[in-house]
Amino acid sequence: RDGISKVLYKEMFEWLIAKMNTLLSSEGEPGHWLGLLDIFGFENFETNSFEQLCINYANEQLQNHYNSIVFARDMREYQREGVAMTHINPPDNTPCLELLGSKEKMGLFTLLDDQSKAQGGSDQKFLESVRERHYQRRREHPNLVLPRIKQAGSTTFTVRHFAADVEYSVRGFQTKNMDPLADTVQRLFHRSSCAFIQQLLPQPADAPLAKGKKVRTVAGFFKDSMGELMDTINQTNPF
């Protein structure tokens, strides 16, 4: 029920924004569009899971943009205009972004995708891969905290975000990352008696997934969406 509700909300929200942009557009007048940035808000609960990791990654991205605009851009403008100012070294959360999202440096989302797609992958193996990649002696990542001595049954790791240290429990990470309801929900939507609901999702494939074809994960989708969002934001004029 919860999974279906989330998909329905997401698809209807995107349909509504697309429809509004179509109505706002005029032939021969490109560039008129509406962008609604729904900021999640930094989350740090008693128990934090995969959802909080995604949300806090989004906030890290937006904070990085804010630092660039407010500090770097404004200081360049002051220098151009000859305004006296005290030089400020803006906070840099790039290491945290790389820990979470870098594919080249095997960030946490990439390690989770590897475990989600691997035969025999598990939440515990994901946590072990995080330790092996980012928390070995003499190369401990500054934004990651794990017990120095490997503890049997340990299911948590801590990320030092710009706002606070957040402890995450890896229980359920793999299942949530694979979004197992996706194909089932597609078929359910296409059997709906409502034509509007039918067209919200693409027709599900009848054939099984071809060998070697990439499996789309929630983490991969979220990272791609954040990349597109930041590309769009970086092309706008902030005020």
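A polar contact is a pair of N or O atoms within 3.5 Å, of which, within protein, one must be able to donate a hydrogen and the other to accept it. The legends below apply this to a predicted model.

View 1. His134 belongs to helix 5, which spans residues 123-134. The side chain of His134 comes to 2.7 Å from the backbone oxygen of Met106, a distance to be read against the 3.5 Å limit for a polar contact. Is His134 buried or exposed? With a relative accessible area of 7%, His134 is buried, because burial is assigned under 20%. When neighbours within four places in sequence are set aside, the residues in contact with His134 include Lys105, Met106, Gly107 and Leu108, as well as Leu99 and Leu111; Arg139, Glu140, His141 and Leu144 are also among the contacts of His134.

**View 2. Helix 9 and the elements that cover its buried residues.** Helix 9 consists of 17 residues, 218-234, and extends 24 Å from its first C-alpha to its last, which is close to the 24 Å expected at 1.5 Å a residue. The buried residues in this helix are Ala219, Gly220, Phe222, Lys223, Met226, Met230 and Ile233. Seen down the axis of helix 9, these buried residues fall within an arc of 165°, and they therefore line one face of the helix. In general, an α-helix has 3.6 residues a turn, so residues three or four places apart point the same way. The cover over the buried residues of helix 9 includes helix 2 (50-81) and helix 3 (94-101), together with helix 4 (108-117) and helix 6 (173-178).

View 3. The three strands are arranged in the order 1-2-3 as an open sheet with antiparallel pairing. Strand 1 (144-145) and strand 3 (165-169) are the edge strands, each of which pairs on one side only. Strand 2, residues 156-160, runs antiparallel to strand 3 and is joined to strand 3 by five bridges. Within this part of the sheet, Arg160 stands opposite Asp165 of strand 3.

**View 4. The protein chain as a whole, for orientation.** The chain contains nine helices and three strands, which follow one another along the sequence in the pattern α-α-α-α-α-β-β-β-α-α-α-α. Of its 239 residues, 34% are buried, and the chain exposes about 15900 Å², of which carbon and sulfur atoms supply 53%. Among the contacts with a separation of 6 or more, 56% are between residues 24 or more positions apart.

Conventions: Residues numbered from 1 in each chain as written. Predicted model: local features only at pLDDT ≥ 70, side-chain atom pairs only at ≥ 80, totals over all residues. Heavy atoms only, no water. Helix = DSSP H or I, 4+ residues; strand = E, 2+ residues; numbered from the N terminus. Buried < 20%, exposed > 50% of the residue type's maximum accessible area, 1.4 Å probe, protein only. Contact = heavy atoms within 4.5 Å. Expected span 1.5 Å × (residues − 1). Arc of directions from axis to C-beta. Pairing = 2+ DSSP bridges. Areas by Shrake-Rupley, 256 points an atom, 1.4 Å probe, with all protein chains shown as cover.
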